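Here is a short report on a protein model. Look at the chains first, then read on.

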Number of protein chains: 2
Amino acid sequence: MFRKLLEKMVKDTPGGVGIVLMGYDGIAIDQFFLDVGDVDLQLVAIEYSNVVKEIHHTAEILGTGTLQEVTIKTGRFYVIIHALTDEYFVALTIRREGNLGKGRYIVLRDAPALNQALV
Amino acid sequence: MFRKLLEKMVKDTPGGVGIVLMGYDGIAIDQFFLDVGDVDLQLVAIEYSNVVKEIHHTAEILGTGTLQEVTIKTGRFYVIIHALTDEYFVALTIRREGNLGKGRYIVLRDAPALNQALV
């Protein structure tokens, strides 16, 4: 149901290596990962879900408005985390030599379709 | 020592409302905040430092490379968190109607000067 779209999102993003559709409770609905060798992208996604959960919670408490997007840049990857609903978000991982801007565009392009499928 | 530069960074960013130079231990070295009324930006900075600490730790453990930058987009603000050293980062808060791109430029422009002052 989601897999085909998730796979397309990764393949449409230059340098895209993985994506996960996940609840703030850390449970993944669906995902698609390429093999990047030494890094366990699924573990990365789970770890980041904890971070997003915290930011989500923090934003609400502090009155800074609902969390919409988080972008993380590390030495090897970009991760774009986009809030879909109050319960779910999608996290796209891109190699540093990939195209972050295109990735953000892809996420914004396909978020409505993911949202619709979540209802 | 830092205040003048921090204040300039906020004022050079359209929509800039505050900045904090902080350790991953949550202790601020220096900061400059405009009054935004209902939101306690200092509290926001402290809360985000916890988040950044977690991302910093996660990135190291999972082998995704050192954390370099985190951008958070909520309903009312953008927050750009930029790693300076292994111990310190700077977090710039911008109103949503402000200029995120200019803010990122300002942070990259002045990070070397902050770094130099930190040594």
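This is a predicted model: local features need pLDDT of at least 70, side-chain atom pairs count only at pLDDT 80 or more; totals for chains, interfaces and linings use all residues.

Residues are numbered from 1 along each chain as its sequence is written, chains are lettered from A and ligands numbered from 1 in the order in which they are written, and side-chain values use heavy atoms, without hydrogens and water.

**The two copies**

**The interface**

In chain B, 29 residues are in contact with 29 residues of chain A (contact means heavy atoms within 4.5 Å). Of the interface residues of chain B, 100% are also interface residues in chain A, so the copies meet through the same surface. Together the chains bury about 2500 Å², 58% of it on carbon and sulfur atoms. Buried area is the accessible area (1.4 Å probe) that two parts lose on being put together, summed over both. Leu62(B), Thr64(B) and Lys73(B) lose the most area on the chain B side, together 24% of what that side buries.

**Helix H2 of chain B**

Helices are DSSP runs of H or I with at least four residues, and strands are runs of E with at least two, numbered from the N terminus. H2(B) covers residues 41-62 and has 22 residues. Buried residues (under 20% relative accessible area, 1.4 Å probe, protein chains only) in H2(B) include Leu41(B), Tyr48(B) and Leu62(B). Gly63(B) follows the helix, with a positive phi near 70°.

**Aromatic pairs**

Rings of Phe, Tyr and Trp (its six-membered ring) pair if their centres lie within 6.5 Å; planes under 30 degrees apart count as stacked, over 60 as edge-to-face and the rest as tilted. The count over all chains is 2 aromatic pairs.

| Pair | Centre to centre | Angle of planes | Class |
|---|---|---|---|
| Tyr24(A) and Phe89(A) | 5.2 Å | 40° | tilted |
| Tyr24(B) and Phe89(B) | 5.2 Å | 40° | tilted |

Tyr24(B) lies in the loop between strands S1 (16-23) and S2 (28-33) of chain B, and Phe89(B) in strand S5 (residues 88-95), so the pair ties together parts that are 65 residues apart in sequence. Tyr24(B) is buried at 8% relative accessibility. Phe89(B) is buried at 1%.

Terms used: Buried means under 20% relative accessible area, exposed over 50%, partly exposed in between (1.4 Å probe, protein chains only). The expected span of a helix is 1.5 Å times one less than its number of residues.
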